[in-house]
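Okay, thanks for coming, everyone.

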Amino acid sequence: MPQYSSIRTLLKAGITASVLMLTPIHVVAQDNSAVIATVNGVEITQREFALAEAEMIEQFAQVPAEQRKAAILNALIDIKLLAAAALDEGLEESEGFKARMAYNRSRWLHNELFSEKALKTITEEDIKARYDIEIKSLPQQVEVRARHILVETEEEADAIIKQLDDGGDFVQLAKDKSTGPSGPNGGDLGYFGRGQMVPEFETAAYALEKGTYTKEAVKSQFGWHIIFKEDERDREPPSFEQVRDQVRQTIAREKYFNLTKDARAKYEIEILDETLKKDVEALQQ
């Protein structure tokens, strides 16, 4: 379970001159079989356009919305035109093309099965149930709010601690002395949980009583710290809305694993290269 704590050159819109008949896209948007264009006698259906749109939407994200469908259709027409030219050149019979077609066919069948048997089977109830089990029910974690003063040497840190012992104001000393980016804010680091700070700093901060500072400087890779603990609170787990997509991805990964596990048990696998065979078998352990 993930911890709750992750372009191209744009084409101008326009229609390439070609043997083309175009039906307005908005008229046929609900009919996947509707033909919206033909290129050299080859039909472009609404279903094919939808596939192209899903694949190219990021590429054309900066094209004005009112021109985007035309730009995508224009790119699809170019694909059809060059595909027709490739057929005229006999490239369909090349070994390289056949190999890529075989690979892509397997890849898309793989994607189709995963979609039908995994992605489409995940319900909102499944996601909510997993959230309740693995996230909402997690024990509360403690967060600390701290300030610090960061200096380069232990001698500087010891001198600041003496000033604090003599009644110096931590916030003002942080503004005056700290070399860290939080210095201008009085050394305020806000609230943080375990794992968010370097170990030496975290250990010292959590060990302090609220309202106290470290009597000895704490050394880390960044320098020497004097830490003041302002507050401590229980951190609530994230809301369902915050982690819904992460939980869904977790369920999807499990379903994918189960699909591949079942397929490996059902179908024969033979790896002829002995070194690769051993490496692959090691991955499965």
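Predicted model: local features only at pLDDT ≥ 70, side-chain atom pairs only at ≥ 80, totals over all residues.

So, starting with the overall surface: the protein chain has about 19300 Å² of accessible surface, and 52% of that belongs to carbon and sulfur atoms. Those areas are Shrake-Rupley with a 1.4 Å probe, and for residues only the protein chains shown count as cover.

Residues are numbered from 1 along each chain as its sequence is written, and side-chain values use heavy atoms, with hydrogens and water left out.

Of the 285 residues in the chain, 29% are buried. When I say buried I mean under 20% relative accessible area, exposed is over 50%, and partly exposed is in between, with a 1.4 Å probe and protein chains only. For secondary structure, we have ten helices and six strands. Those are DSSP runs numbered from the N terminus: H or I of at least four residues for helices, E of at least two for strands.

Now the strands. β3, residues 141-151, and β6, residues 223-235, pair antiparallel over eleven bridges; pairing here takes at least two DSSP bridges between the strands. β5 and β6 make a hairpin, with two residues between them.

On to the salt bridges. The rule is a side-chain nitrogen of Lys or Arg within 4 Å of a carboxyl oxygen of Asp or Glu, and by that rule we get 19. Take E116 and K120: their closest N and O atoms are 2.7 Å apart. E116 is partly exposed at 37% relative accessible area, and K120 is exposed at 57%.

Then there's E134 with R130, at 3.4 Å from N to O. How far apart are E134 and R130 in helix α5? They're four residues apart in α5, residues 124-136, so about one helical turn separates them. E134 is partly exposed, at 30%, whereas R130 is buried, at 16%. There's a network as well: salt bridges with shared partners join R145, R147, D188 and E230 into one.

One more pair is R244 with D245, closest N and O atoms 3.2 Å apart. R244 is partly exposed, with a relative accessible area of 25%.

Back out on the surface, there's a patch of negative charge made by E152, E154, E155, E156, D158 and E216. Patch residues have over 30% relative accessible area and no salt bridge, with like charges joined within 9 Å; for nonpolar side chains (Val, Leu, Ile, Met, Phe, Trp, Tyr) the cut-off is 5 Å.

Most residues other than glycine have a negative phi. N40, though, has a positive phi, near 55°. Where does N40 lie? N40 is in the loop between β1 (35-39) and β2 (42-45), and N40 is exposed, with 54% relative accessible area.

That's me done, so over to you.

Methods:
Lys, Arg positive; Asp, Glu negative; His and termini not counted. Charge placed at Lys NZ, Arg CZ, Asp CG, Glu CD.
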